[in-house]
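Please read the following points alongside the model, which is a predicted one. They go from a cut-off to two individual residues and then to the chain as a whole.

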Amino acid sequence: VEDTDFRFSNAADSFELATYIGKADIRVMAFDMPGKEVHLNRIDLDDCILAIERLATFNDIDMKLVDLSYGENRAGLGIRKLDFGMVYGFILDNLSGRLESVGDHTDLQLDIKTAHSQLNLNAFAREAFKDILAAPFELRHAGLELSHSHISIQDMEGFLPQLTDEFYYGALTATRIQLMGEGNLEDGSLHISGLSLWQEDNFTITLEGVIQNPFQLAEATGEVHVGASGFEQGWLEELALSSGISGAIPDLGGTSLEAYVSDSLFSPLIKMAVESPLGSAALEGSLDFGRELYTLAYEIRNLGVGKLFNASGFGSFSGTGEIKGKGFSADEQHASYYLQVDTLDNQDYRYSNTQITGTLEPGAYELQLVALDPALKADLQLKLDLGDSAYRAEASGIFQAQLDELHLHGEALNLKASIEAQMKGSGKGLESELVCRDLSLETPVKVALVQDIKAVFKTDSMQSIFQADADFIHAHMVLR
């Protein structure tokens, strides 16, 4: 067959298919459709086009198939060559392999090469090929092995052109991402072993575990381990720079992550541990994706917050905490949390015995800080309400600080006060008020006491007003 056009359309389904065959050579050994017996010795296609309306167009199709057979107890196919291009820019350089099914055993071997990726896979199933086609998700015994393979997101550029604008694009396409591993389906349970994804000298990700009912996510259970390690500092710096993070990047080279997922995969129990040059962290809890519920407890040890956030004066932080609630998006989140600060180094002083608790609601946030540190005692409450066009913030509480022990003053000085503050704003202006009562500054020989201080600031498009009142002063200022 040469230079042949074929078109099919179904107006009811808005479906249209068009093909152009430059040259085709088909050799038939047997073709008995009523008897379900087909044997084609060869199918050669050269310079063909297949267009599926609104879905895809395949250009320059070259295909060479041999020994295509299908019968009651057997099926087979040899693929010597298959390549094509697509209008999206995707190119299949070559696909070759073989399918053989005899009785209740099926083997598949494929070598796939695209413009940027290569997959070499071997698979088997203890099912007849026709039974696999009829019910692919009812497989009970099968296996798949990947070897000498690599992948690249560059193959997806034509389908998702926005990929090139993503911050991770350059880092993930700098060198090949290697892939290897195997999975076996045994009596309906999927066993994953040795599945590795790595970019040489940059990172390694591994996956192992067992999943029961893998084809029914809502009922799937199991135990899965994910590991990530080998992160190279230069690669992390490039990733951070492309994401818009400026400034020095702390040393995170050699960071490793271990994660475990168990029980139901739709409402799993999770454990996670991170080790890095800046410290360690552990997380444990549960998620329920159906009801959007979560409970997560965490522990942080010797985290170098000063280096991590480039904050001079800060050292390491250690603490524990928990967050639990409902809703995975900010618009639907209802959660409570607490953080126990075991130690926090700042200005050569180690703060301790401090707890932060609070709640998160859509547009409403509350926080309470209770400090029982030897040099800092405090009980402070903060509230923040965010509306569509206005906001309101409130703070109140008491505190006492020995400033010299905190290295905030050169000589012995104790500060005590009770405060109330609020701020509200909208598109029309801003109002704020600060009230400080029983403010005392005490040294070993002197005590200064101010019973009340009140400061008010208001501003709008017309003017700004500042007013302060205390035991010893009154001030009023208007700016227009």
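1. A residue is called exposed here when its relative accessible area is over 50%, and buried when that value is under 20%. By this cut-off Asp 438 counts as exposed, since its relative accessible area is 51%.

2. Asp 438 lies in strand E25, which covers residues 429-442, and its phi is near 50°, a positive value in a residue that is not glycine. As background, most residues other than glycine have a negative phi.

3. His 148 also deserves a look, as a residue other than glycine with a positive phi of about 50°. His 148 sits in strand E9, made up of residues 141-151, and is exposed, with a relative accessible area of 69%.

4. Turning to the whole chain, its secondary structure consists of four helices and 28 strands. The radius of gyration is 34 Å, well over the 23 Å that the globule rule gives for 480 residues, so the chain is more spread out than a compact globule. Along its principal axes, the C-alpha trace spans about 110 × 50 × 40 Å.

5. Of the 480 residues in the chain, 30% are buried, and the chain exposes about 28,600 Å², of which carbon and sulfur atoms supply 57%. Among contacts between residues at least 6 apart in sequence, 36% join residues at least 24 apart.

How values were computed. Residues numbered from 1 in each chain as written. Predicted model: local features only at pLDDT ≥ 70, side-chain atom pairs only at ≥ 80, totals over all residues. Heavy atoms only, no water. Helix = DSSP H or I, 4+ residues; strand = E, 2+ residues; numbered from the N terminus. Rg over C-alpha atoms; globule rule 2.2 N^0.38 Å. Buried < 20%, exposed > 50% of the residue type's maximum accessible area, 1.4 Å probe, protein only. Contact = heavy atoms within 4.5 Å. Areas by Shrake-Rupley, 256 points an atom, 1.4 Å probe, with all protein chains shown as cover.
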